[in-house]
Amino acid sequence: MTGRRRPSSRPFRAAVAALCTAVGASLLTGCGGVLSNKSDSDPITVMTWAPEGTKATNMPGMPAMARAFARWVNDSGGIHGRNLRVVTCNERNDAVQAARCAQQAKDEKAVAVVGSYSQYGRAFISPLEVAGIPYIGGYGVTQEEFDSPYSYPVNGGQAALLVGNGRQLASRCERTALVRPDTIAGDELPQLLNTGLRADRRDAAHDVRAPEDAGDYSDQAATALKSVGADSSLGSAAQGAALDSSCVTAALGNRTGTFFDSFRRVQENHPKVRIASILGGVRQSLIDSTGGTSSPLEGTYATAWYPAGDDARWNPMKKVINKYAFDDNRIDPDDPGTQTTWIGYTVLRSVLMSLHADDISARTVRTALDNGHAVNTGGLTPTLRWGYDDTLHVPNYSRIVNADVTYQMVRDGRLVAVRKGFVNVSKILERYHPAD
């Protein structure tokens, strides 16, 4: 049987390669790697999970941001011409469901799990390791995210936040109380905060445990005030009584706002103390909903991983949200879950574009990351890489490559930076000893 031969694609590919060189890879979709022989019907699958609709911490903005990112990438030509397919899973703040989400990632043949949140690291890391799937840019709430060789964190997790918060408060606070979840994930927080406090020779914080899903925290607020010396016999905040060197910091995730609401009512009968939190506890949406410039959160200290929400470095993310998720009210650009997902997907896109177009898999993604592939996040973090020499020497947190934090506070109803640039807490983190 005879017929016409199919024309070779080599001249076309050579022309595209020359054009990429001429005008710059960043301007043309498909530049930066070999063009793919795969069709548009063969997408690259990734997964994002987070809890939604639960009585505890919810992170609906993370899967929503993941889908918006994929729409942007696909509208821009995809990954070497292939669509990025995002599969989401509701983790439900449940260990069994977290394991099911990990199994679903395997079943869907995901090349990575990206920008996700779960408190149940033990439940999801093992299935991912067995399947060989990398975990990129998880929120950073569990120890497993920082000791599994299959995990590639983009921030220093709660370890960096708590150490940084302790260091931030140490300059002001002679006595400190920490209100934190009475959970396995919360059990390590006091030791981390104390590591930061001790860096400036402050005493350990009083540990106040709280239920993760309570609707009222009056008892915990009263306990915290009493532990830092704010006894009602000394006067009340309404009378102008204040203890400037006493501080209460809360790390209750989405329930931090509920705690501060209870705290405000309880403090009316006690001297005023300084209040603080970590990223996720105090966010701009909470400040706005509690009065803006007249919010009781005015003056609150906050320790964050990233630049403040009004920083111009977030503009590319905001443009994507405005164009591809304008009417999705689950996405808050000031939310750390949204921000971490953006950064996690920035890492993923960078890695995928560096790979051979027809050889993209969980294995090749891991290999690129393990070999030190460097990712520029536009100044939202330092350059990220996870080679052997890039990780810090922190007990239980051996995968940390970014120990930068920022110091912020609520001023005139806005969460703003109190100093320029990042604060690197790697040296303080290395003093952390879990057995203390």
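The model is predicted, and local features are considered at pLDDT of at least 70 and side-chain atom pairs at pLDDT 80 or more, while totals for chains, interfaces and linings use all residues. Residues are numbered from 1 along each chain as its sequence is written, and side-chain values use heavy atoms, with hydrogens and water left out.

A disulfide is a covalent bond between the sulfur atoms of two cysteines. Helices (H or I, at least four residues) and strands (E, at least two) are DSSP runs, numbered from the N terminus. The link of Cys 89 and Cys 101 is left-handed, with -75° about the S-S bond. Both cysteines are buried, a term that means under 20% relative accessible area, with exposed meaning over 50% and partly exposed lying in between (1.4 Å probe, protein chains only).

The other disulfide is formed by Cys 173 and Cys 247, whose sulfur atoms are 1.8 Å apart. Cys 173 lies in the loop between α5 (157-170) and β6 (175-181), whereas Cys 247 lies in strand β8 (residues 242-250), 74 residues apart. This link is left-handed as well, with -80° about the S-S bond, and both Cys 173 and Cys 247 are buried.

His 80 is not a glycine, yet has a positive phi of about 55°. His 80 is found in the loop between α2 (61-75) and β2, and counts as buried because its relative accessibility is 3%. Asn 93, in the loop between β2 and α3, also has a positive phi, near 55°. With 13% relative accessibility, Asn 93 therefore counts as buried.

Helix α6 (residues 189-198) has eight of its 10 residues buried, so the helix is largely enclosed by the rest of the structure. Among the buried residues are Leu 189, Pro 190, Leu 192 and Leu 193. The cover over the buried residues of α6 includes α5, β6, β7 (206-210), β8 and α13 (426-429), where contact means heavy atoms within 4.5 Å.

The structure also holds two cavities of 30 Å³ or more. A cavity is a set of points, on a 1 Å grid over the protein atoms alone, where a 1.4 Å probe fits but cannot get out; lining residues have an atom within 4 Å of a point. Grid points are joined across faces, edges and corners, and a volume is the space filled by probe spheres set on the points.

The largest cavity contains about 240 Å³ of space. Its lining has 27 residues, of which Tyr 117, Val 141, Gln 158, Leu 252 and Gly 253 are the closest to the centre. The elements that give two or more residues to this lining are α5 and β9 (272-278).

The second largest cavity contains about 140 Å³ of space. Of its 17 lining residues, the closest to the centre are Ala 308, Gly 309, Asp 334, Gln 408 and Leu 415. Both α11 (336-354) and β12 (414-417) supply at least two residues of this lining.

Terms used:
Disulfide = S-S within 2.5 Å. 1 Å grid on protein atoms, 1.4 Å probe; cavity = no way out; pocket = protein on both sides within 12 Å on 5 of 7 lines; lining within 4 Å.
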